[in-house]
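Have a look at the model below.

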Amino acid sequence: MNFTNLKNKIFILVFLAILVFPWVGGGLLRVVAPDFYGKISNVETENREAATIDWGDLLNSGETVSSFIDDRIPFRYTLITWYKSLNDTVEGQFDKVETAIGNKLYTPTNIVESADKGETNKPIVPGEEVQVSEPVEEVAETDTYFPLHVYQDVILARENWLFLYGENEIECYQGTNILSESEMASYAAKLNELQALCTAQGKELYIYIAPNKSQVYSQYMPTVDIANTYKREQQLHSYISENCSTPYLYPLTESLYAAGILQTYYKYDSHWNHIGALYGTNALYAAMGVEQTTPTQWITGTQDAEKYELYTYMGIPDDQIYHDDVEYTVDYRPEITVNGLDTEAMVCHTTSDGANQKKLCLIGDSFRVNMMPYISKDFTECTFAHRDYMSEIHSDIKNSDVIVIEAVERYDYEAFKTMQRVINVLK
């Protein structure tokens, strides 16, 4: 018998022993010490009824049999507890080693003095007077290694910040999803087709790509390889600007500037907060030629951020969330009255006594929500719609003076799908 066969047989025997021991040992314990066995049984510990077998559905599904067996494996809860404890201990030690090695090997780039960094991103304290500092010219990069941890598609980042991992977010951050020349040419052709229709019908057209949170608050992101520093959206913005006449907005510079003054994205959510959305709206107004204001002049206080979407992604119940993310309360142009504003609606129509006598139609995703209170006060008639509900706003698109198509960076391709739907409506 060679060593490989012997090793395989030993592994099989160990596996069978682990599999059989709880049943044999549990059976003996149940006979010898039934009271003690009852105390450590899984079902009693979890304070629920044991699963039963659904005999009527036995041929279609074996799930109830599996659940029946799972609930009756002796020591199951104890073994799970041991496993979790051992796993947490090993993972904790691994993190320490990984971080130590990473700090030895990691060479930071574009470091800004930590004192400057600390002054520009202070946490918001309820009731504290608003202190607005001058923004830092360059985005601060951390000088310490921080390993990547992902749970349920959420990145557990520095200083307890959370970021999306999935939905194309990490690819955008690392620069691994660069578009080909032909793909960008196809996008540009679609935009030029829509622009021609809008020009013929006397409509203004704007494309707005909201920056990902990870691009704006990269100082909190873990240490990962950056494949391309000139990333997908920067390349696409440059290509569209050269080959199309339509304003194609990707206000990353403006967002970085704003983030150097105040916290503009939620700590535990993937979206910008109310003050961040106002800075974002200003970037749109700059392209439109609409009057801009200083966002900080409308701040009236602070409030609980109430946005903890990424905790929800991880399956953490509300009663276990520590509410330590606070944002500024913004009362924008209080002298203007808006009728019909409903930020929860997928399709919302508003009227106001705003300064711009134009019908504006904004089609976008969830980033449009925090922009709505501002735009609805600056335009007399607005339609705000999620792109999945465009079938309900065909007449609004046709009758609009201004069309804005918005998408967050990680979903930039959805903006071009929306363009095609608008083309179909206008044709």
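Here are some questions and answers about the terms used for this structure.

This is a predicted model, in which local features need pLDDT of at least 70 and side-chain atom pairs count only at pLDDT 80 or more, while totals for chains, interfaces and linings use all residues. Residues are numbered from 1 along each chain as its sequence is written, and side-chain values use heavy atoms, with hydrogens and water left out.

Q: What makes Asp-324 and Lys-267 a salt bridge?
A: The term asks for a side-chain nitrogen of Lys or Arg within 4 Å of a carboxyl oxygen of Asp or Glu. For Asp-324 and Lys-267 the N to O value is 3.7 Å, and the pair counts as a salt bridge. Asp-324 is in the loop between helix 13 (309–313) and strand 7 (326–330), and Lys-267 is in the loop between helix 11 (252–259) and helix 12 (274–288), 57 residues apart. Helices (H or I, at least four residues) and strands (E, at least two) are DSSP runs, numbered from the N terminus.

Q: Why is Lys-267 called buried?
A: Buried means under 20% relative accessible area, exposed over 50%, and partly exposed in between (1.4 Å probe, protein chains only). Lys-267 has 14%, so the residue is buried.

Q: Which labels go to Glu-291 and Arg-333, whose side chains meet in a salt bridge?
A: Glu-291 is exposed because its relative accessibility is 55%, whereas Arg-333 is buried because its value is 11%. The N to O value of this salt bridge is 3.7 Å.

Q: How do you know that Glu-414 and Arg-387 form a salt bridge?
A: Their closest N and O atoms are 3.8 Å apart. Glu-414 lies in helix 16 (residues 412–426) and Arg-387 in the loop between strand 11 (379–386) and helix 15 (394–399), so the pair ties together parts 27 residues apart in sequence. Glu-414 counts as buried because its relative accessibility is 17%, and Arg-387 is buried with 7%.

Q: Why are helix 8 and helix 10 called oblique to each other?
A: Angles under 35 degrees count as roughly parallel, over 145 as roughly antiparallel, 65 to 115 as roughly perpendicular and the rest as oblique. The axes of helix 8 (residues 181–200) and helix 10 (residues 232–243) come within 10 Å and cross at roughly 50 degrees, so the two helices are oblique.

Terms used:
Axes fitted to C-alpha atoms, helices over the stretch in contact; angles between N-to-C directions.
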